Amino acid sequence: MRFLLAMLAASVALSAADREVSFTTDVRPIFEKTCWTCHGPSVQLSGLSLATREAALKGGAHGAALVAGSADKSRLYRLAAGIDKPAMPIGGKLSVTEIETLKLWIDQGAKWDGAAAVSSAAPVVQDPPIRPEERNYWAFKLPVKPAVPSGNSNPVDAFIRTRLAAKGITPAPRADKATLVRRAYLDLIGLPPTPAETAAFINNNAPDAWPKLIDALLASPQYGERWGRHWLDVARYADSNGFEHDFDRPNAWRYRDYVIRAFNEDKPYDNFLREQIAGDEIAHVTNDSLIATGFLRSYAKVGYREKDNPEFRYEYLDDMIATIGRGILGLTVQCARCHDHKFDPIRQADYYRLQSSLWGYVEVDHPLVPKEQADEYKKRTAEVNTKLADLRSQIRDIDQPYKAKLLPAKYAKYPANVQAAIATPADQRTPGQKLLADQVIRAVNVSEAEIARIITPEDKARKQQLNTEIASVEKTRPAAIPMAMGVTDGDYRFTPDGPGDEPAPGKGKGGYSGEGTYVHEGAGRYQPPPSHFLLRGDVNSLGPETKPGFVKVATYGNPATELAPSTPHTSGRRLALAEWLVSRENPLTARVAVNRIWYNHFGRGIVSSVDNFGKMGEAPTHPELLDYLATEFIDRGWSMKQMHRLIMTSETYQMASDGTSDGNLAAFPQQRLDAETLRDSILAVSGGLNRKMEGPPVFPVIPKDILQSMTNGIWKQKDDTSDVWRRSIYIYRKRGLPMPLLEVFDLPNQNISCGVRNVTTVPTQALTLMNNEFVLKQANLFAQRLAETAPNDKGRQVDLAYQIALARAPRGEERSLALDFLKDHTLEDFAHVVINLNEFVYAR
């Protein structure tokens, strides 16, 4: 039998080798399906074109693709067959028959048989319709409100306890009132209750005491500070750019304050999203809605202007898509930038539809004053900038010969290929030379001190005169007006010798920039310049032009992709995106929102992968409850506070904790306080907390050795006083230098959207609470508070310490141990021990 099979295989191989292979009939279909996407007439990755025989024989950056007459020596065949790496086509695979066809064609001389160059039409982008089986996944189906199981007054309990009963699990009893009051305070406002607040709740025996406590906490201004922090994680908010230069963002804090106000006002979540995606396009534009557009602009940013590296714009758009995807939709849409998503039915075309919806954006500082005042400020500022630009240009002209004299010695320290790249005229550099030269030219500078050592007396005097004039002109600059960091739609013209990047008078010209305040002022609605599909996600490989749209698998009906904005200055594309996100016909937005609320209450979402509802995420533990909450959320006007009330008035929320935290919810999961709540709680019990709300960020003391590691950006170090003892949400969020106390307790990566914070237990956390100077100082203040409230009464001081820090009285053994401890230690030591108690660091 084996002999017969071998003879049959040999016979097939001989017959295949005897056949004449036609390029037009046999090879071209293979090229059209795979090769020409990246190596066709419109796109030549690595400089390789397979559009003609001559181009294939010439090859690209890696040499010839074809060696006519020898497939074994041809890169085209070796890569397609997987002999050499990377195997081609990337993300796909040729069949055995196709590989054999290529081999025979090349061995037969790689004849093009009269088929000349292929059409130069743009490559076809694959965008197949969504198949029914792809949409038949729980997250892509529209949520339908399920029937509530009977037997419980609260729908949350009905779903949770029905599942527990089915598994034969008995739920934990209700927690005692002291535990509940501390849980509610830490959960809703991020601060422990005072002894008076604890006593008021414990002594209130009215049946509505618990719901009234929840209402009081939801009405507290501290609620927005606590729950706004959760959203700022999603929004990747920070006060600095990040990356190497980490430049300051002086107006970023206004977005942080907007978020706090939105939560305190219980702004409907759909409006909250509309304002952040399209606050400059909605029907009623306000200062708050303009500030809200800072959401889109909160990406980490390279310090240089985009005109120096226009490809960075694609990275910022990618960050926006990733943040909207993970933070609002619970999908990893960014994974479809270079190819269709590997696990979810998210097409690469979906990614570029979203990119097109955002494409017209430009960074802008929105004036928060009446238009007449803003116009006058802009006019006077432009006059000052024009004068300064001329003076500074004259200084550059003076310095240029001296820099030209000093720079060669600095460049000589670099390898020969770098020196050659710099010596090559800019318009003649290869892409590799351009990259090398740009990096070094930016990094190597000539200082003023170096120029001063060789400058002539005449040039020195002239520079001094110009600097005096600059100082005089600066004094005429108008007082700053309040501005908000945000986005709008627009185009820019680059003027490197001017005061900045000036706006272009028309549309679709030039590139884009992070500077300027241009808005379209032409006739008719603004139309963004064309956006393109990027082949393999490569910014240098433009594919077909793309149109705005959404993720197909999560789109029902035919929603508009552009809407008429309230002003012709914008395109209305972002407004259409916002409306799609908050539509009742979107299966994801409400589910993701209520799941995040649930996660922040219980420490684990109904879907534990909070920002990934796709197939690589986790399935919901209680799918009916998730859909009930999602539909109820919409029916109740997208009210966050109503969701809190619904969840917190359940018996499920009020259960005692047994230390477990699985998805069954047979007991309340104990949770380690997040970094900000821990620091704020230390300040609260010490009595040092400064409750001032909103405004510019504060700069708490950072150890000098850590501060000295900062090379760029700002950190306005001040004394460790009440001025900087404000709540942690107001601390300057420096991407390049996270505050050490917060970082050790799992402050998230401030460069990307964070759905779920890590919770680690590491020795440095205990060491920080034991030795950190801030903690020690607050422990001393805590001791002073105890001594002043209960002078010369150690028993009362112990009782008070437990009541302030843990919202309960000490148990008998605890009290005895504390009094014994105080015989040999100071009250400061005891206060420090209380702050280090496990119970203080956890919410139960």
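Reply: The buried residues of helix 10 pack against helix 8 (177-188), helix 9 (195-202), helix 11 (222-234) and helix 25 (640-648). Helices here are DSSP runs of H or I with at least four residues, strands are runs of E with at least two, and both are numbered from the N terminus. This is a predicted model, where local features need pLDDT of at least 70, side-chain atom pairs count only at pLDDT 80 or more, and totals for chains, interfaces and linings use all residues. Residues are numbered from 1 along each chain as its sequence is written, and side-chain values use heavy atoms, with hydrogens and water left out.

Back to helix 10, which covers residues 209-219: its buried residues are A209, W210, L213, I214, L217 and L218. Buried means under 20% relative accessible area, exposed means over 50%, and partly exposed is in between (1.4 Å probe, protein chains only).

Now zoom out. The chain holds 34 helices and six strands, and buried residues make up 52% of its 844 residues. Of the contacts (heavy atoms within 4.5 Å) with a separation of 6 or more, 70% join residues 24 or more positions apart. Along its principal axes, the C-alpha trace spans about 100 × 95 × 60 Å.

K734 sits between helix 27 (704-707) and helix 28 (740-744), and it's buried, with a relative accessible area of 1%. Leaving aside residues up to four places away in sequence, K734 touches S240, D246, M710, N712, G713, I714, W715 and Q750.
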